[in-house]
Amino acid sequence: MKDLIKIISNEFKAIGTNIPILIVLVLGNVGYGFLYNLLYNTNVYKEAPVAIVDMSQSDLSRHFIDYIDATQEVKVVAKTQNFHEAKRMLSEREIVGFLYIPSELKEEIMKGNQVQCVVYGSTLSFLDYLNIYEAVNFASLDINSELIPEMIESLNMIDILFLANDKAVNIVSEPLYNTSEGYGTYLIPPVMVIIIFQTLMITVAMRCGSEVTESQRHRVTKFYSSVKIVLGKAFTNVMIYSVFSVFFLGLLPLIFHLPHLGDSLDIIVMMIPYLFASVFFCLSLSPFYTDSDMPLFIIVFMSVPLVFLSGISYPLELMPWHWKLFHYLIPTAPATLAFVKLDCMGGDLTNIRPEMITLWIQCIAYFLIAVLVKRFAKN
Amino acid sequence: MNYELMKSGFWSVVKRECLILTSRPLYLFTALVFPLFALFFMTTIFGNGLIDEIPVAIVDEDDSRMSRNITRLCSAVPEIRVTQVLPNTAEARDALLSKKIYGYLIIPNDFESDVKANRNTSLTLCYHYAFLSAGSEVMQGFLNALRIIAVSPLEQTTDFLGINDETLETIASPISISAHPLYNPALNYTTYLTFPYFWVLFQILILLNIAYSFGNEFKNENIRNCLSAGNGKFINVVLGKLFPYVIIFSIVAIFANVIMFEILGFDLSSSIYEIIVVCILFICATCSISLFIFSLYPNLPIIISFISMFGSLGATFAGVTFPVNAMYPFFEKLSRFFPIRHFVVITDYLRYESHSFIYYWNHLLILISFNILIVFALLLLKRKYFQFGVIVA
């Protein structure tokens, strides 16, 4: 016990006097935390610029355009009668899509015929496409419901005019957990969990790397003492990162109005195996940290893949088996999912049982590997 | 020219750098194996690239002929797959939390009788928006299935009056919308993200490799040896050290482009040679900016954290997933300082629109202009070197 406390205090001292590690810890954590939140703070993508190719130039088409412009998803920035002009605007990225309204719109509807309008949307960003698709579809639902009586009249079906007053079944759509339908509120909570993992990895790895360069890493001869060293390093980093976890998962969601439905105690219970598993995971990889800067390569490079592997941005079920396997090997993947379930979806510990089991198994497995690595690694 | 370069020490710095690169397997990993891993990752992670058959549930509180009919209708659309029919919302929430489903449709109690009696009733479709991509797919799937159900009260009466379905559809939706997604008509995620994100990952590696290579010279005080190999000229040191990297990265770029456009058959409206040239220009621009950032404060352990941050921000500023013009104007402007932003704009044109040079020439010019930073880096490093004799990390 005495040894353990000594190791912990030594670790604190080593970290506290290592400027690059302090930079990562303080500036890295605080900087990343605020920066990512600010980047996505606009949250909901509104007013995507679109154009209308209005060949009809009728009161009906103008009415339709008003409906489209009224949606929050898009903003009509140009109206033209020239299809090629709209295409040019799209090519110059002045707009993200356009709606083509055929010239016979009004006449055909007066005759009781259906008219097809065409949405051309850029898919260079799927959000652009989603916005124009939703805006035009919702606007068409509105205008169609207004047109029903006219249609019935024009079809000369006066005997069914009463139908127009019939109550159709309402379809209510309800986005769950991310009620503002924002991109930031969807992406940032998992990213916060991933940043914790990354900066934790960087800190631990830089420390291991500096031990190599300063030749501090002595060969440990006893199994018991390598257990103590691994535990000592783990406790130190977990203590430091408990503070940063409060910052990332407690404070930032409050400042930036992120979803915050989880019970704090549940989140703490989830974070314990996550932080330990992360430190042990990182220590298991220590033979690869041949100097203090190299770990950054692997860790920074893995940032984007980790977002995908967590199964948040792309469903895990659709990935090939070998990437699903990775999901179970890296602590951050199940932890991200567990955190989203707790804090964004308002779940409790029973809902994150599979993730908790995965994390604890990782914790034990990586602890043993880390101890063995410490014991048998070459100096 | 070659002779002059050789004489001036350029080639001896190149040779020295090649020896360093082959001295440790680690360098081979970071410059060659990691980029190939990134290629493998990005080309395979999305499976077939299509988000379809997402598992959903129907909360059938009504359990009537009509509600079973709705379940059948929902099973018929390709986006979603009805895996469970549940009696209440609580169970659906549980299924949602355990990720068995990504959304559900609530058919309320007495739905059929309400519809028949022409009373106000509604169907609620709930979709998971903490998982945005799957959630929006569920919403579209349900909406497609339900379009016809919305007019089911009309259908009852029109059936009675002998009006056919076609007329009914005309009455219900006189303006119909047909959607034409441009560039990526199948909304395939592999087509969408693989190319730009491979380059996002690759640029992180380029940035780090270059900073690391130069940082090690200064950190280990090898800069004197390097400078003497370069005949005492800093320009030889800088260009000679960059040269082998640019060659290795360019080979990776050619390989990646051949894999993506020739073997996997991604859409490409321009020729593969054009896109390879742009990729090499991007590699040069990224090397330059990495060297420039390093030269601002040539202390590897400290500056490398900043370069890492610059690299990971590339994923955001590429503007592929969240459009940069949707961010605060400051960030939109900031994105222009990232070569990846211009690269993505140019390659979007090359991939989807032929004869589009007039639209992207300015981005190309900016991409090339990033190389000017080498001159500044050169001057800064030189000044630091002569100011302090050697820069000690």
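Select A:E11 and A:R207 to begin, where a salt bridge (a side-chain nitrogen of Lys or Arg within 4 Å of a carboxyl oxygen of Asp or Glu) joins the two residues, with the closest N and O atoms 3.2 Å apart. Because A:E11 sits in helix α1 (residues 2-16) of chain A and A:R207 in helix α7 (residues 184-213) of chain A, the pair ties together parts that are 196 residues apart in sequence; the helices are DSSP runs of H or I with at least four residues, and strands are runs of E with at least two, numbered from the N terminus. Both A:E11 and A:R207 are buried, where buried means under 20% relative accessible area, exposed over 50% and partly exposed in between (1.4 Å probe, protein chains only).

This is a predicted model, in which local features need pLDDT of at least 70 and side-chain atom pairs count only at pLDDT 80 or more, while totals for chains, interfaces and linings use all residues. Residues are numbered from 1 along each chain as its sequence is written, chains are lettered from A in the order in which they are written, and side-chain values use heavy atoms, with hydrogens and water left out.

Turn next to chain B and select B:R81 with B:E53, whose side chains meet in a salt bridge of 3.5 Å, N to O. B:R81 belongs to strand β2 (residues 80-86) of chain B, whereas B:E53 lies in the loop between α3 (25-44) and β1 (54-60), 28 residues apart.

Then pick B:D63 and B:R68, a salt bridge with its closest N and O atoms 3.0 Å apart; B:D63 is exposed at 53% relative accessible area, and B:R68 is partly exposed at 41%.

Finish in chain A with A:E85, A:R88, A:E92 and A:E94, which are linked in a network of salt bridges.
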